[in-house]
Amino acid sequence: MRKRILFVDDEPNVLQGLHRMLHPMRQAWDMAFAESAEAALALLAQAPFDVVVSDMRMPKMDGAQLLAEIRQRYPRVVRIILSGHSDQGMVLRSVGAAHQYLAKPCDAEMVKATVARACALQNLVADAALQQLVTGMEKLPSLPMLYLEVTKIIASPHGSLEQVGEVVARDIGMAAKLLQLVNSAFFGLRRQVSSPVEAVKLLGLDTVKALVLSVQVFAQFEPSLLLPLSLHALWEHSLATGSCAKSIARLEKSDRQAIDEAYMVGLLHDVGQLILAANLPEQYAKALVLAQEHHIPDWEAERAIFGASHGEVGAYLLGLWGLPETVTEALAFHHCPSAHPQPIFSPLTVVHVANGLVQEETIADPSILIDLEYLTALGCRERLTGWREHYRTSCTAAARA
Ligand SMILES: [Fe+2]
Ligand SMILES: [Fe+2]
């Protein structure tokens with residue numbers, strides 16, 4: 001089915017420009033153009049759209065208000081803001097409502113690539129209700145202890161960016177949200193940022209303060225929420241996988257960027273479990289029972305219950321948030337790397353192995369964890385022993401410390 005895309009801008013010239021630039025896409029997309037937020041809402045009321053790209057500065061209802069309204073009424077729609085660099089304060093207001101930001105003046109290839117990627121991501125999660133749940137998510141919940149630590153540091157007159165960065169780097173929800181923002185076109189950085197500590201430094205203390213205190217981009221878990229999995233166990237596993245992935249990247253003599261990326265994919269690789277368990281706890285509990293009763297991995301049981309595994313669900317959300325494709329692919333395929341169409345050494349390889357090494361001493365059948373055929377096809381099967389030894393040595397050293 002052709003995807004339906006809606007562009008909203010109060011300047012007719014911008015709309016005409018988009019119309020002209022995107023003319024070659026008319027076979028793939030059904031495009032509509034609205035000159036105001038009100039006109040956009042009227043079009044949405046007539047027929048569903050897959051993606052909305054809206055200008056920020058518009059009279060009456062602005063882009064942030066429009067996207068917030070769309071999130072409420074039509075949570076399945078992917079929401080993208082098109083803004084100029086002078087709109088920083090306004091853009092901060094749209095942080096919860098927008099998935100991604102495009103900078104004005106916009107480049108045709110950038111608009112095409114961003115919209116096309118948003119459309120392609122929808123294939124990861126086929127179930128419409130699950131897709132709607134993930135697309136409608138504004139933020140990911142944080143571990144209460146870490147959330148409180150960040151708010152304390154920010155409120156303290158002696159709080160530093162380094163301290164905030166170190167705490168953010170230990171939390172799945174806060175790290176994912178800051179990486180979404182710092183990598184958006186809005187901040188105009190020409191390179192990809194993969195380190196949460198660097199993300200905090202680049203945003204600066206004032207922006208981070210505004211994001212945490214007034215925009216409230218972070219949220220802690222509702223203490224009343226009964227989850228079918230242990231949050232602490234998930235956090236420990238994610239941190240251990242992040243550190244192990246980082247060590248593998250170092251052993252492979254990867255550059256600084258790849259080492260940061262390895263840590264990030266390790267920290268975030270099971271974010272889908274968090275999304276499913278926090279939003280659909282009863283069904284998630286059923287998936288865990290199914291996995292136990294049938295002796296199948298949890299991700300297979302999730303596919304049976306939700307039509308998608310936690311890998312795909314996590315990749316869908318972080319893809320919507322504009323995190324790089326190498327990251328989302330690593331998430332989507334971390335339990336089944338052989339299914340990836342391009343067998344090359346990548347963050348996927350690193351996170352697949354790290355996840356396996358971290359779990360292999362705690363499960364009954366560790367042979368299901370690491371895909372040896374995949375490593376053989378990549379020509380790095382013999383390096384597994386060295387990675388494992390390094391990981392175990394570091395665990396013993398940490399236990400002694
Ligand atoms: Fe996983
Ligand atoms: Fe995992």
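Ala, Val, Leu, Ile, Met, Phe, Trp, Tyr, Cys and Pro count here as nonpolar, Asp, Glu, Lys and Arg as charged, and the others, Gly among them, as polar. These classes are needed at the last stop. The model on screen is predicted.

**Stop 1: the iron ion (ligand 2)**

Select the iron ion (ligand 2) and show the residues around it. Which residues coordinate the iron ion (ligand 2)? They are His237 and His269, each through NE2, Asp270 through OD, and Asn355 through OD1. Along the chain, the donors follow the spacing H-x31-H-D-x84-N. The angles among the 4 donor atoms run from 84 to 176°, and the site is classed as irregular.

Now colour the helices and look at the two histidines. Histidine 237 lies in helix α12, residues 231-251, while histidine 269 sits in the loop between α13 (256-268) and α14 (271-279), so the pair ties together parts that are 32 residues apart in sequence. Are histidine 237 and histidine 269 buried or exposed? Both are buried.

**Stop 2: the iron ion (ligand 1)**

Next, select the iron ion (ligand 1). Its donors are Asp270 (OD) and the NE2 atoms of His310, His334 and His335, at 2.1 to 2.2 Å. In sequence, these donor residues are spaced D-x39-H-x23-H-H. The site of the iron ion (ligand 1) is irregular, with angles of 83 to 176° among its 4 donor atoms.

Keep aspartate 270 selected and show both ions. How far apart are the iron ion (ligand 1) and the iron ion (ligand 2)? They lie 3.4 Å apart, and aspartate 270 bridges them. Aspartate 270 is in the loop between α13 and α14, and histidine 310 is in helix α17 (residues 310-320), so this pair ties together parts that are 40 residues apart in sequence.

Switch to a surface view and check these two residues. Aspartate 270 has a relative accessible area of 4% and is buried. Histidine 310 also counts as buried, at 0% relative accessibility.

**Stop 3: the cysteines**

Select the cysteines and show their sulfur atoms. How many disulfides are there? The count comes to 0. A disulfide would need a pair of cysteine sulfur atoms within 2.5 Å. For cysteine 244, the closest cysteine sulfur belongs to cysteine 395 and is 7.7 Å away, too far for a bond. Cysteine 244 is buried, with a relative accessible area of 3%.

Move on to cysteine 336, which is in no disulfide. The cysteine sulfur nearest to that of cysteine 336 is in cysteine 380, 17 Å away. Cysteine 336 has 17% relative accessibility and counts as buried, because buried means under 20% relative accessible area.

**Stop 4: the cavity**

Return to cysteine 244, which is also part of the lining of the largest cavity. Rolling a probe the size of a water molecule over the atoms shows where empty space is left. The count comes to 1 cavity of 30 Å³ or more, and the largest cavity holds about 30 Å³ of space.

To see the lining, select Cys244, Ser247, Ile248, Leu251, Trp387, His390 and Tyr391. Which helix gives the largest share of this lining? It is α12, with 4 residues. Helices α12 and α21 (384-400) each supply at least two lining residues. Colour the lining by class to finish: 5 residues are nonpolar, 2 are polar and none is charged.

Terms used
Residues are numbered from 1 along each chain as its sequence is written. Chains are lettered from A and ligands numbered from 1 in the order in which they are written. This is a predicted model: local features need pLDDT of at least 70, side-chain atom pairs count only at pLDDT 80 or more; totals for chains, interfaces and linings use all residues. Side-chain values use heavy atoms; hydrogens and water are left out. Donors are N, O and S atoms within 2.8 Å of the metal (3.2 Å for Na, K and Ca); water is not among the atoms, so sites may look incomplete. Four donors count as tetrahedral if all angles lie between 85 and 135 degrees; four count as square planar and six as octahedral if opposite donors are over 155 degrees apart and all others between 65 and 115; anything else is irregular. Buried means under 20% relative accessible area, exposed over 50%, partly exposed in between (1.4 Å probe, protein chains only). On a 1 Å grid over the protein atoms alone, a cavity is a set of points where a 1.4 Å probe fits but cannot get out, and a pocket is an open set with protein on both sides within 12 Å along at least five of seven lines; lining residues have an atom within 4 Å of a point. Grid points are joined across faces, edges and corners, and a volume is the space filled by probe spheres set on the points.
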